[in-house]
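Trainee: I am new to this structure. Please pick the central part of the story and take me through it closely, one step at a time.

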Amino acid sequence: MDTSTRADPESGTEKDGDGPYPSTRVGSDRDSNPRPDDRGSAAAPAAPGDAVDPAAELEDAVPFVRETVSSAGAEGVVINMSGGLDSTVTAAIAVEALGTDRVYGLILPCNKIGAHHARDAEELAEALGIEHDTVHLQPLLAQFGNVAPDRFGLHDEPTLVGNAIARLRMTLAYLAANATDRLVCGTTNRTEHLLGYLTKHGDGAADLLPIGHLYKTEVRALAETLEVPGFVLEKPPTPGLLAGQRDADDLGADYDVIDPALRLAVDEGLAADEVTSRLDLDREVVDDLLARYRTTEHKRTVPPMPSDRRSA
Ligand SMILES: Nc1ncnc2c1ncn2[C@@H]1O[C@H](COP(=O)(O)OP(=O)(O)OC[C@H]2O[C@@H]([n+]3cccc(C(=O)O)c3)[C@H](O)[C@@H]2O)[C@@H](O)[C@H]1O
Ligand SMILES: Nc1ncnc2c1ncn2[C@@H]1O[C@H](COP(=O)(O)OP(=O)(O)OP(=O)(O)O)[C@@H](O)[C@H]1O
C-alpha cells in the first residue's frame with residue numbers, strides 16, 4: 001500500500017510516507033479545538049501515565065496474554081482494530097506474547113471517517129505482521145436498521161447507532177473466535193472501564209483485557225515503549241461516530257484530568273471534596289465523573305440474580 005500522501009479526513013492535512021507507517025496523523029486537531037478541561041482545570045495534575053513503569057507493565061501483560069490463551073487451550077486471539085491507541089497497543093502486546101501467527105486483526109469501519117482510520121489500522125496490522133481482514137459494516141447496519149422496529153428510532157440517536165455498531169463488531173469478533181479456536185482480546189482500558197465508557201456487550205465484550213488495568217494515560221506511556229507510531233499517539237481519542245467528536249467532549253474533561261481524579265477517588269477512596277481541592281478542579285467535573293462511575297457499576301459486574309438478595 002502506498003502511504004506517501006493521503007488526505008486527513010478531519011483536518012485536511014496530508015500524510016507523508018516514512019517507513020512502514022505514515023508519519024503524520026489522521027484526525028488530529030487536538031491543539032486547535034478547545035477542550036472542556038481547558039475550562040475545568042487551573043493546574044495540570046500529574047497523570048498516572050507519568051508514574052507508570054512501561055517495561056514492568058509489559059513484563060506483566062505479555063505473560064498474562066500468553067498464559068490466558070494457553071490455559072484456555074486456544075489457538076490465539078482476535079482483536080478488533082480501529083487504528084487508535086488502545087487497539088494498537090493491545091495488538092502489539094498480543095504479538096509480543098504469541099507471535100504474529102496467532103494474532104488476527106478485524107478492521108470494521110462503518111462510515112466515511114471510519115474508512116480513513118481503517119487504512120491506518122490496515123497499515124498497523126501489516127507493520128505488526130499479522131493476518132487481518134477489513135469488513136465495511138454499512139450494509140449490515142443498513143439491513144439492521146431495516147428490520148429493527150421503527151418505534152426505536154435507531155437512526156435518530158447517535159448513541160443507539162454507535163452501540164449497534166459496537167455490537168455488530170462484537171458479533172464478527174466472536175464469529176472469528178469460534179471459527180478459529182481463538183479468544184476475543186478486548187481493548188478496554190481502566191479509565192473506560194471505571195466510567196462505563198464502552199458499549200455493554202459491544203466493545204466491552206471480551207475474553208481477556210490486556211490493558212484493562214491501565215489508565216488511558218498509562219496506555220499512552222506504554223505505547224511509546226512499544227514504539228507505536230507517533231500518528232497513533234497524536235490522534236485525539238474519539239468514539240468515531242461523528243465528525244469532530246472527542247472523548248473529552250463526552251466525558252467533560254481530558255484524560256490528563258480524568259485519570260488522576262479516578263485514581264484518587266476510586267483507588268485511594270478520597271471524597272469528592274478532597275479530589276477537587278487536591279487537583280484544583282471544578283467540583284462539577286469531579287461530581288460528573290463520580291456519577292458516571294456509580295451509575296455504570298452494572299457494566300463491571302455479572303447480571304444480578306434473585307439469589308444475590310438472599311446472600312446479601
Ligand atoms: N442499573 C442497571 N443495571 C443493569 N443494567 C443496566 C442498568 N442501567 C442500564 N443498564 C443496561 O445498560 C444499557 C446501557 O448501556 P450501553 O448499552 O452500554 O449504552 P450507554 O452506556 O448508554 O452508551 C454507551 C456509551 O459508551 C460510549 N462508548 C461506546 C463505545 C466505545 C466508546 C469509546 O470511546 O471507547 C465509548 C458511547 O459514546 C456512550 O456514551 C441499558 O440499555 C440497559 O440495558
Ligand atoms: N473501525 C473499527 N474496526 C475495528 N474495531 C473497531 C473499530 N472502531 C472501534 N473498534 C473497536 O472498538 C474499540 C473501542 O473503539 P473506540 O472507537 O471507542 O476507540 P477507543 O476506545 O479510543 O480505542 P482505540 O484507541 O483502539 O480506537 C476499539 O479499541 C476497537 O477494538
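Mentor: Start with a term: two strands pair if DSSP finds at least two bridges between them. Strands themselves are DSSP runs of E with at least two residues, helices are runs of H or I with at least four, and both are numbered from the N terminus. Next, the ground rules. This is a predicted model, where local features need pLDDT of at least 70 and side-chain atom pairs count only at pLDDT 80 or more, while totals for chains, interfaces and linings use all residues. Residues are numbered from 1 along each chain as its sequence is written, and chains are lettered from A and ligands numbered from 1 in the order in which they are written.

The protein chain holds 15 helices and seven strands. Our part is an open sheet of four strands, ordered 6-5-4-7, with parallel pairing. Strand 6 (131-134) and strand 7 (182-184) stand at its edges with a single partner strand each, so one side of each has no neighbour in the sheet. On average, neighbouring strands here are turned by 25 degrees against each other, direction ignored. Such angles run from 0 to 180 degrees between N-to-C directions; the axes are lines fitted to C-alpha atoms, for helices over the stretch in contact.

Now walk across the sheet. Strand 5 (103-107) and strand 6 run parallel, joined by four bridges. One link to look for is G105, whose bridge partner in strand 6 is H132. Strand 5 also pairs with strand 4 in the parallel sense, over four bridges. There, V78 has Y104 of strand 5 as its bridge partner. Strand 4 then joins strand 7 through three bridges, again parallel. G76 stands opposite R182 in strand 7.

How covered are these strands? A residue is buried if 20 or more other C-beta atoms lie within 10 Å of its own, exposed if 12 or fewer, and partly exposed in between, with C-beta atoms placed from the backbone. Five of the five residues of strand 4 (76-80) are buried. Strand 5 is largely enclosed by the rest of the structure, because five of its five residues are buried too. V103, G105 and I107 sit on one side of strand 5, Y104 and L106 on the other, and both faces are covered. For scale, buried residues make up 42% of the 312 residues in the protein chain.

Helix 7 (158-180) lies across strand 4, strand 5 and strand 7, at about 160 degrees to strand 7. V78 shows the packing well. Contact means C-beta atoms, placed from the backbone, within 7 Å. Leaving aside neighbours within four places in sequence, V78 touches Y104, L106, A173, A176, A177, R182, V184 and C185.

In soluble globular proteins, nonpolar side chains tend to be buried together. A nonpolar core is a set of buried Ala, Val, Leu, Ile, Met, Phe, Trp, Tyr and Cys residues joined through C-beta atoms within 7 Å. The largest one has 48 residues, and V77, V78, V89, A91, A94 and V103 have the most contacts inside it. Helix 4 (residues 85-98) gives the largest share of this core, nine residues. Apart from it lies another core of 20 residues, including A248, V257, I258 and L279.

A residue is near a molecule or strand if its C-beta atom, placed from the backbone, lies within 6 Å of it. Around ligand 2 there are 20 residues, with N80, S82, G84, S87 and T187 coming nearest. Helix 4, strand 5 and helix 5 (112-128) each give two or more residues to this shell. Helix 4 gives the most, three residues. Ligand 1 is surrounded by 15 residues, of which Y197, T199, K200, P239 and H298 are the closest. The largest share of that shell, four residues, comes from helix 7.

S311 lies in helix 15 (residues 306-311) and is exposed, with 6 other C-beta atoms within 10 Å.

Key
Contact = placed C-beta atoms within 7 Å.
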